[in-house]
Structure formats: C-alpha cells, structure tokens
Amino acid sequence: MKEGSHVIVLPFPAQGHITPMSQFCKRLASKGLKLTLVLVSDNPSPPYKTEHDSIAVVPISNGFEEGEERSQDLDDYMERVEASIKNSLPKLIEDMKLSGNPPRALVYDSTMPWLLDVAHTYGLSGAVFFTQPWIVSAIYYHVFKGSFSVPSTKYGHSTLASLPSFPMLNANDLPSFLCESSSYPYILRTVIDQLSNIDRVDIVLCNTFDKLEEKLLKWVQSVWPVLNIGPTVPSMYLDKRLPEDKNYGFSLFGAKVAECMEWLNLKQPSSVVYVSFGSLVVLKEDQLIELAAGLKQSGHFFLWVVRGGEKNKLPENYIEEIGEKGLIVSWSPQLEVLTHKSIGCFLTHCGWNSTLEGLSLGVPMIGMPHWADQPTNAKFMEDVWKVGVRVKANGDGFVRRGEIVRRVGEVMEGEKVPKRIVSFVKMTVRKYDVVSTKIPKSIVVFNRTPCPSFSDF
Ligand code: UDP
C-alpha cells in the first residue's frame, strides 16, 4: 500500500479490542499511512487523544438513543451495534470519497465478520483483525467446521478432547461460550462465525507473535494469508521506558496514574501483587469477598483494580483494615504498572491483552479465568508457555481464599516461575518485537514470507 493511502480501522467497542487495534493504527501511521479509527460509542465526543496527526478518530453511535439506558444484555447490545454500524459506515465511506480522501482498506474486528461485505461492496480491501490468539480461533474454526465436539461434563468431571497442535483439553480449558451456549446465543454465533468468511478475506491480522504459537502458525499460514502483528504492546514499555504523555493510548476509562505510581515507588522490587480482571469481568459478591480475604491473608502488598460498583461489595472496613498493605483503584495504567520494578506477579483473568502484556513485560502470572477465551489462554499460560500458574476452582467455578494464598505464595516466594518467564521473554518477544517506532520508514514491517505484504492489497 502506497504512502499516504487511507485505511479505516474499526474495533469492536470494548477496551480489549480498542487497545490493540489503536496501537496497530499508530504503527500504520508511523509507516506513512493515513488512518481513520472508527470508535463505536455512546459518547458523541469522547476524550480520545492521539499523538499522530495522520490518525483521525471518528465516533459513531452504538445504536442507543441519547439518554437511553445501555442494555446489560450482551446479546441485545451486540445486535444494536451491528445494526448501527451497518447504517452509518456506508455513509461515512461515501463522505470520505466525496471529500477526496477515499479509503483503500477496512481493517475490521473479527467479531464483526459481516464488515467484509461492507468493505467489498464499497470497493475496499478487507483485513480482518483477530484480537484473540490462534489457540482460540482454531478451536472456534474446528467447531464451525463441525470437526470438534465439545467435551461433556458429568458430576464435575469432563471428557478430554484432542485437536492438532493442542495439549489434551477438558471442558474447563475451552472458551466458555462453547459451554454456555444457551446463555448467549448471539455471542456464540458471533464467535464461531468469526472464521465463516475467512477464505474471502484479503489479509488476516492477529495480535500474537510467531514464536508463541509456532505450531498453529504453520497450519494457519498454509491456508490463509496470515500476518501476526503482535504483541501490540508499545516497545517503549518493553524497553522499560514510560511515555511522557500520560494520556497515551485510547482508554475508555480514566486511570489515577500518579496515585498508583507514587504508591508503587515506595515498595521494594518484586514485592507487589498486581490484581486486575480487565474491563468486563464482574465477580459475584461471594467471590469478590473470598478474593479480598485471600489477598489480605497472603501478607503481600497488592494493587487491586476493583471497577465501579464492585467496590460496594467489598467487606465492611476492608480498606481501613488493609491499610498500607493494599491500594484499591477503579482503573489502573496497566502497562505502566506492569513495567514497574515493584511488581512481583500479576493475578489476572487472562484476557488476551493482559496475558500478552504480562508475558511481554516479563511478569509471572496467576491465572484466574472467568469466561470467554480466558480459560484457554490460562491453560496455555500454565501448561504450554509455563509462565505462571492457574488457580484451581471448585466444580461450581468458585475459588477459595486458601487457593489464592497458596498460589500467590507459590509465585511471589518461589523461584520457578520468575526464572522461566525472564528467559521466555528474552527468547521470544524481543526477537519478534516489531512495534518500535525507530524502524526506518523504508522497511516494510509486514513482509515475512510466505505471507503477502501489505502492499498486496
Ligand atoms: N487495562 C488497563 N487498566 C486496568 C485494567 C485493564 O489499562 O485497570 C487494560 C489492559 O492493559 C488491557 C485491557 O485493558 O490492555 C484489557 O484487555 P483484556 O483483553 O486483558 O481484557 P478484557 O477487558 O477484554 O476482558
């Protein structure tokens, strides 16, 4: 694609999708392309900030009227978003053409595969962007093809399933939607349909890196024009440098950066457990209370992201009781936090961005997956990449405080996991780090054979 070409990037409206796709935008901008980042929003003028003049941010409606309460029903929400994008995007493209700024390509989120037809109808190339790893996409693909049957569970025991290039999997290792089909029929259809038209896509982008999923990569590259463009963690963090602009990035939430960093600055190296479950997970009250007790009982310092209303579920006087031992915030500058030398481990829900961030920044992890692709990411994190441990839950998915204490102790006081993760990062992420803005413009990043280069659009 020629310098100055115009590309539209359209993530699904969730932080875990906006973050990697906006980072990818910056990378394309640094290669001389003009970008329009379309953000589906219920706020007509969101406070997004970009340091690139060549990235325009255009908000479009999520389908809810002003003042209308946003639905808590995910299926309903996703259907509204689909209808709204189908309504607004064609007009946006036509307006761009009329204003002499015609887009050449649409980079769209894999959870909205119907955008490929919109791109092709309006003469644009279509590049699908997977914000999940191949280990997850491959499972969905096999389900879509009917070549994989989900293991069944009985009395808390699961049968095992085998897939090429995978360890044996049981029901708890699979993306949760496959086992919760009745609760989220639209989401189940959406995740499986992600790969339904992949044969017609012009290029397939994935936020992962080659070494991490080597075995699967051979297979996916033999069938589709795949480019792994991850990790999208900016290289300044990999180099342990912090951005001067504290509003760097596109966040839907405001973080109290100074509060977190000042607190961490007072702590010894590797002495703090960072706890975060991403932007969507809502823990049930009894689980939140159990986790709170486990963290307190562990005796370690902890920085815990407890979002919005969840704070009300904490035990009475908890914040006073933990005192200096813990800092609770409603949103953190996660990359800055994970880069900080005081962090000893990351208790995470294993959302794909968080997993990649922990992995890229060399922080050992304790996986406490909740739903979606998190169980599969956690399985690989513990058993294949061996960069952390996963908490064991009861049959009903409940994690007891004793298990939290045990796992925190294992990672904070043991030696096995930290040593492994440091060598893993050195061996893999560094080699495959293509995020650097220092790369001269003349070098095309996307040119690893046998993949097509971006210029093949
Ligand atoms: N994040 C953050 N501050 C927080 C919690 C999360 O900046 O307090 C960021 C995190 O760095 C990651 C994203 O939000 O990039 C969450 O994405 P992930 O895929 O891990 O989880 P999801 O929110 O999709 O469940």
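Two strands count as paired when DSSP finds at least two bridges between them. By that rule, this predicted model holds an open sheet of seven strands, ordered 3-2-1-4-5-8-9, with parallel pairing. Strand 3 (55–61) and strand 9 are the edge strands, and each pairs on one side only. From one strand to the next, the twist averages 25°.

Inside this sheet, strand 5 (residues 125–130) pairs with strand 8 (residues 203–206) in the parallel sense, over four bridges. Phe129 has Leu205 of strand 8 as its bridge partner.

Another open sheet is formed by six strands in the order 12-11-10-13-14-15, and its pairing is parallel. Strand 12 (326–329) and strand 15 (388–390) stand at the edges with a single partner strand each, so one side of each has no neighbour in the sheet. Here the twist averages 15° from one strand to the next.

Strand 10 (residues 272–276) and strand 13 (residues 343–348) run parallel, joined by five bridges. Tyr274 stands opposite Phe346 in strand 13. Helix 8 (residues 257–265) packs on the sheet. Helix 8 touches strand 10, strand 11 (301–305) and strand 12, and its direction makes about 170° with that of strand 12. Helix 12 lies across strand 10, strand 13 and strand 14 (365–367). The angle of helix 12 to strand 13 is about 160°.

The angles between elements are collected here.

| Pair | Angle |
|---|---|
| Helix 8 and strand 12 | about 170° |
| Helix 12 and strand 13 | about 160° |
| Helix 4 and helix 6 | roughly 55° |

**A helix pair**

Helix 4 (residues 134–145) and helix 6 (residues 214–223) have axes that come within 10 Å and cross at roughly 55°. Helix 4 is therefore oblique to helix 6. The crossing of helix 4 and helix 6 is left-handed. On the helix 4 side, the contact is made by Trp134, Ile135 and Ala138. Helix 6 supplies Leu216, Leu217 and Val220. By class, the residues of this contact are six nonpolar, no polar and no charged.

**The ligand shell**

The ligand is surrounded by 19 residues, and the closest are Gly16, Gly278, Gln334, Gly351 and Ser354. Helix 1 (15–30), helix 11 (334–339) and helix 12 (352–360) are the elements that give two or more residues to this shell. Helix 12 has the largest share, with four residues. The shell has seven nonpolar, eleven polar and one charged residues.

The peptide bond from Gly230 to Pro231 is cis, with omega near -5°. Pro231 lies in the loop between strand 9 (226–228) and helix 7 (235–238).

Ser165 has phi near 70°, a positive value in a residue other than glycine. Ser165 lies in the loop between strand 7 (157–158) and helix 5 (185–193).

Conventions: Residues are numbered from 1 along each chain as its sequence is written. This is a predicted model: local features need pLDDT of at least 70, side-chain atom pairs count only at pLDDT 80 or more; totals for chains, interfaces and linings use all residues. A residue is near a molecule or strand if its C-beta atom, placed from the backbone, lies within 6 Å of it. Ala, Val, Leu, Ile, Met, Phe, Trp, Tyr, Cys and Pro count as nonpolar, Asp, Glu, Lys and Arg as charged, and the others, Gly among them, as polar. Axes are lines fitted to C-alpha atoms, for helices over the stretch in contact, and angles run from 0 to 180 degrees between N-to-C directions. Angles under 35 degrees count as roughly parallel, over 145 as roughly antiparallel, 65 to 115 as roughly perpendicular and the rest as oblique. A crossing is left-handed if the near helix is turned anticlockwise from the far one by less than a right angle, and right-handed if clockwise. Two residues are in contact if their C-beta atoms, placed from the backbone, lie within 7 Å.
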